[in-house]
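Subject: Structure handover

Dear colleague,

Here is the structure for your files. My notes come after it.

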Amino acid sequence: MATADTQYPDRRRAVAAELAAQNVDSILVTHLTHVRYLSGFSGSNAALLLNKDHSARISTDGRYTTQIAEEVPDIDCILGRPCADTVLKEITGPRRVGYEADYLTVTEYERLQQACGEGVELVPVRGIIEKSRLVKDSGELDGLRSIAALASQAYEDMLAAGEVAVGRTERDIAADLEYRMRKLGAERPSFDSIVASGPNSAKPHHGADDRVIEAGDLVTIDFGAYANGFNSDMTRTLIMEHTTDFTKEIYDTVLQAQLAGVKAATPGTSLRDVDRACRDIIKAAGYGDYFVHSTGHGIGLDVHELPYAATTGSGELAEGMTLTIEPGIYVPGKGGVRIEDTLIITSGEPEIITKVSKELRVV
């Protein structure tokens with residue numbers, strides 16, 4: 001397992017080996033998440049050139065002269081704008097240089113072609129770095145545990161303070177939760193927080209607006225925190241003041257589906273089977289048409305990344321991967337429930353890092 005001193009060189013070596021296997025001499029990394037993954041640089045403008053012999057060069061602009069020296073002491077840096085052009089102009093042919101086809105616009109690609117020297121051929125590359133990111137190292141897992149614990153604490157503190165209450169707006173609650181996450185050390189939310197109440201809870205990605213919460217409402221809160229490059233993601237659904245037959249029924253159904261998905265998330269299990277474990281329970285309860293999204297996704301430097309547990313998912317889980325399990329039921333005009341945990345796949349039962357009770361909670 002990589003140590004703090006070797007994690008970035010180890011990652012670059014793994015990607016470089018894949019380059020050689022694909023007959024590519026170098027890869028020009030322009031997606032900032034991948035620049036950070038391979039170098040540790042967290043600035044907003046950079047490009048990295050990684051060669052199949054493991055050597056590398058990085059480029060940024062003058063705003064980051066001090067920062068890149070601190071964060072990336074082991075790679076030569078070239079200052080210039082645009083960063084990708086700057087580092088690409090340093091290459092002499094003959095050379096096959098891969099570019100991240102999934103993250104480049106046509107305009108950017110045309111500019112790179114103009115920056116290439118004689119004998120330098122640009123070739124599209126897909127999935128090499130994403131494949132490397134699938135299994136997390138110990139440093140990544142510790143970072144994910146830490147940010148999940150922070151977000152969980154903010155949520156529990158908010159409930160303990162009585163900030164989720166009838167008469168308050170969705171926007172009020174989202175603001176309180178994001179404030180608490182920042183006070184505990186988050187740099188920002190991982191994504192725009194969702195506080196969906198009453199009929200709004202039937203919209204999986206509602207957001208948070210000025211609707212005033214009423215007694216009997218389902219309130220779905222989907223939120224995450226970001227710090228030190230890592231994201232968290234968790235959803236809990238509350239019931240305000242009293243249950244109804246409908247709210248209790250769909251809550252209990254989603255909870256049983258979520259528990260089944262967690263139980264299925266073991267090494268060697270196909271991602272489709274994890275999705276099926278949740279979906280079959282919801283279908284059996286008569287709500288199959290109201291589960292309208294996939295069961296889960298990986299999380300790390302991005303809040304949504306490989307692997308994906310879905311009816312169209314491919315591949316199997318392996319130890320060290322991450323996965324959310326987040327089934328839901330959404331009945332238009334009535335309300336919805338989603339329950340989500342983030343898991344680390346282990347050799348046995350998965351480790352749940354979003355440690356907040358999932359039992360029905362009436363507030």
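Below are notes on a sheet, the cores, a hairpin and the salt bridges.

This is a predicted model, in which local features need pLDDT of at least 70 and side-chain atom pairs count only at pLDDT 80 or more, while totals for chains, interfaces and linings use all residues. Residues are numbered from 1 along each chain as its sequence is written, and side-chain values use heavy atoms, with hydrogens and water left out.

Sheet. Helices (H or I, at least four residues) and strands (E, at least two) are DSSP runs, numbered from the N terminus; two strands pair if DSSP finds at least two bridges between them. Three strands form an open sheet in the order 8-9-12, with antiparallel pairing. Strand 8 (194-197) and strand 12 (234-239) are its edges, each pairing on one side only. Strand 9 (residues 218-223) is joined to strand 12 by six bridges, and Val219 has Leu238 of strand 12 as its bridge partner. Helix 7 (residues 138-160) packs on the sheet and touches strand 9 and strand 12 (contact means heavy atoms within 4.5 Å).

Cores. A nonpolar core is a set of buried Ala, Val, Leu, Ile, Met, Phe, Trp, Tyr and Cys residues joined through side-chain atoms within 4.5 Å; buried means under 20% relative accessible area, exposed over 50%, and partly exposed in between (1.4 Å probe, protein chains only). The largest core has 53 residues, and Tyr155, Met181 and Ile221 have the most contacts inside it. Helix 7 gives the most to this core, with 10 residues. A second, separate core of 28 residues includes Leu218, Phe246, Tyr287 and Ile329.

Hairpin. Strand 16 (residues 328-331) and strand 17 (residues 335-338) run antiparallel and are joined by four bridges. Ile329 stands opposite Val337. Three residues lie between the strands, and Gly333 takes a positive phi near 85°.

Salt bridges. The whole structure has 28 of them (a side-chain nitrogen of Lys or Arg within 4 Å of a carboxyl oxygen of Asp or Glu). Arg126 and Asp102 form one at 3.3 Å, N to O; these two residues are 24 residues apart. Arg126 counts as exposed at 54% relative accessibility, and Asp102 is partly exposed at 48%. In another, Asp275 meets Arg279 at 2.9 Å, N to O. Both residues are buried, and they are about one helical turn apart in helix 10. Arg133, Lys136, Asp302 and Glu305 are linked in a network of salt bridges.

Regards

Technical notes
Axes fitted to C-alpha atoms, helices over the stretch in contact; angles between N-to-C directions.
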